[in-house]
Amino acid sequence: MLELQFLRDHREEAAERLTKRNIDVQSLLGTTLSLDEQRRSTQTELDGRLAELNGLSRTIGDLLKAGRKDEAEAAKARTADLKASTQQLKERLDGLEKDLQDHLCTIPNAPNAKVPVGKTPEENTVVLQEGTIPELHAGAKPHWELGEDYGFLHMDLGVKITGAGFPVYSGQGAKLQRALISFFLDKAADAGYREIIPPHLVNGASAFATGQLPDKEGQMYHATVDDLYLIPTAEVPITNLYRDELLEADALPVKMVGYTPCFRREAGSYGAHVRGLNRVHQFDKVEIVRLEKPENSYAALEDMVEHVKGLLRALELPYRQLLLCGGDMGFASAMTYDMEVYSAAQQRWLEVSSISNFETFQSNRMKLRYRGEDRKPRLAHTLNGSALALARIVAALLENNQTPEGIRIPKALQPYTGFSMIVK
RNA sequence: GGAGAGGUGGCAGAGCGGUUGAAUGCGGCGGUCUUGAAAACCGCUUUACCCGUAAGGGUAACGGGGGUUCGAAUCCCUCCCUCUCCGCCA
C-alpha cells in the first residue's frame with residue numbers, strides 16, 4: 001500500500017510512476033485523494049465537537065465535586081445534541097476511512113524510475129546473460145521423461161495421492177531435492193542471512209501485510225475451517241515476523257533466509273508449458289528476506305542479485321537476469337529482477353528467482369517501522385528473493401546435465417548429494 | 001474438547017468510573033561528574049490522525065467490536081488471541 005502522504009505531496013511523481021502499470025492512474029488517484037479530503041474535513045469537524053463534549057464533561061465533574069448539583073444537571077442536558085452530532089460525524093468518518101482504505105489497497109506499488117515501460121514479458125529488459133548453453137546428445141529428453149526413465153520423479157503418483165501438479169520425488173531425486181535445499185541454506189548463512197523455519201500456514205492479517213490479500217485471493221489454498229492460508233512463498237511468514245514492530249535503527253538491516261514448501265493454486269494456467277516441474281502446485285523454495293533502511297534498499301537489491309548469481313554459477317547453469325517491465329511486475333513490487341535458467345531439452349528459459357524491492361509498500365501495510373536518526377518512526381523497506389526455487393532448478397539441472405551414462409551432478413552439489421551421477 | 005487466568009507504552013509491569021496518556025523499572029536521548037569510559041545523580045522520552053508556514057493546539061488509542069454513563073484502561077455484552085490445568089494425540 002502506497003503511503004497516503006506520498007500521494008498527497010507528490011501526486012505528479014506518483015502518477016508518472018504508476019503510469020508504467022498501464023492502469024487508469026488519474027481516476028484512481030483522483031477518487032482516492034478526494035476521499036482523503038472529505039475524510040480530513042470530517043475529522044476536523046468531529047474533533048471540534050468532541051473537544052466541546054470533553055470540556056463539558058470536565059465541567060460537570062468539577063461542578064459535582066463542588067456540590068453544585070443543579071448546575072451539573074443543566075450541563076448534562078446540553079450534552080445530548082452534541083452527542084448526537086458526534087455520533088453522526090463518527091459514522092461518516094468511519095465510512096470515509098473504509099472507502100479510502102479500500103481504494104488505497106487497490107493501487108499497486110509505484111515502479112521505480114529504472115523500471116522499463118512495457119505491458120508483456122517480452123518487454124522486460126535482459127540485463128545480462130551468462131554461462132554456456134549446453135549441446136545435448138542425440139535423444140536428449142525433457143526432465144519429466146528423464147524422471148520416469150530413471151525412476152526418481154513421479155507425476156502420476158502425485159495425481160493419485162493428491163492431484164495434478166503435486167510431484168513425488170524418490171530415491172536420488174528426493175536426495176537431490178534435499179541437497180539443493182541444504183546447499184542454498186548454507187550459502188545464505190555464509191552470506192549473513194539468519195535461518196528461519198516458519199509456519200507453513202498463515203492468517204489473513206499476514207497475507208494482507210505482504211500483499212497476497214486481497215489481490216491474489218484465488219491463488220492461495222485456503223483452509224477454511226480455521227481460516228488459514230497455505231503459504232505461496234516463505235516471504236509471507238518471514239516478513240510478517242516483523243509486522244507491527246518498531247525497531248531501533250541499529251537493528252537494521254535484518255537478513256533472514258528460510259526454506260519452505262510453497263503452495264500455489266495456479267488457477268487458470270494449464271497447457272503445454274506447464275508439463276512436469278515447469279509449473280506445479282507445490283514446490284520447495286529457499287527465500288531470502290531483508291529489512292532495510294530506505295537509503296540502502298537498492299544496494300541491497302543488487303546484493304541479493306549477486307548472491308543468486310553466485311548460486312547459479314555454482315550450479316553451472318546458464319542464466320539470464322531480467323529487469324521486469326511495469327506490466328509484468330507484481331502488485332506489491334517497486335522493482336523486480338527475474339532470474340531465468342536455460343533448460344536445454346525444452347529449449348526454454350525457466351524463471352527460478354524473482355528478487356524485488358517493495359520499498360514501503362509492505363511495511364506500510366504491516367506497520368513495520370524503525371527509528372530514524374531523528375528518533376522519529378519511519379517505515380522500513382522490505383525486500384525478498386528466491387535463492388532459489390527448486391522445482392525448475394531441478395528441471396534445468398536434469399535436462400542440461402544428461403549424458404548417455406546418466407545425469408551429472410554439479411561439483412558444488414556433490415558433497416550434499418553424496419553421489420556425482422544419477423543412474424538407472 | 002472441558003475448567004481457570006490473562007491480554008496496558010520500544011520492552012517489563014502497576015492501575016480497576018472523573019487532570020491516568022497512564023505509576024514504577026528497563027531501554028533510548030540530553031546533562032552533571034571524569035583525562036576518557038563505566039558507575040552514580042538530574043532532566044527529557046508513546047503512537048496515529050487533524051488544524052497550523054511555525055510555535056503550538058485538538059482528537060483518538062490500554063486485544064477487536066458494541067453497550068451503560070455527562071465522563072470508562074477501569075462496569076456490562078460479544079468476538080479474537082495467549083497462558084495454566086484436565087482430556088486426546090504426536
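Which residues form one aromatic cluster? The cluster consists of Phe183, Phe184 and Tyr416. The model is predicted, with local features requiring pLDDT of at least 70 and side-chain atom pairs pLDDT 80 or more, while totals for chains, interfaces and linings use all residues. Residues are numbered from 1 along each chain as its sequence is written, and side-chain values use heavy atoms, without hydrogens and water.

Rings of Phe, Tyr and Trp (its six-membered ring) were paired if their centres lie within 6.5 Å; planes under 30 degrees apart count as stacked, over 60 as edge-to-face and the rest as tilted. The count by this rule is 6 aromatic pairs. Among them, Phe183 and Phe184 have ring centres 5.7 Å apart and planes at 50°, so this pair is tilted. Phe183 and Phe184 are both buried (under 20% relative accessible area, with a 1.4 Å probe and protein chains only). Tyr342 and Trp349 form an edge-to-face pair, with 5.1 Å centre to centre and 70° between the planes. Tyr342 is buried, at a relative accessible area of 13%, and Trp349 is buried at 19%.

Helices (H or I, at least four residues) and strands (E, at least two) are DSSP runs, numbered from the N terminus. The axes of helix α3 (residues 25-65) and helix α4 (residues 69-106) come within 8 Å and cross at roughly 160°; axes are lines fitted to C-alpha atoms over the stretch in contact, and angles run from 0 to 180 degrees between N-to-C directions. Helix α3 is therefore roughly antiparallel to α4 (over 145 degrees).

An open sheet of 3 strands has the order β5-β7-β6, with antiparallel pairing (at least two DSSP bridges between two strands). Its edge strands are β5 (201-202) and β6 (222-223).

Definitions and conventions. Chains are lettered from A and ligands numbered from 1 in the order in which they are written. Angles under 35 degrees count as roughly parallel, over 145 as roughly antiparallel, 65 to 115 as roughly perpendicular and the rest as oblique. Buried means under 20% relative accessible area, exposed over 50%, partly exposed in between (1.4 Å probe, protein chains only).
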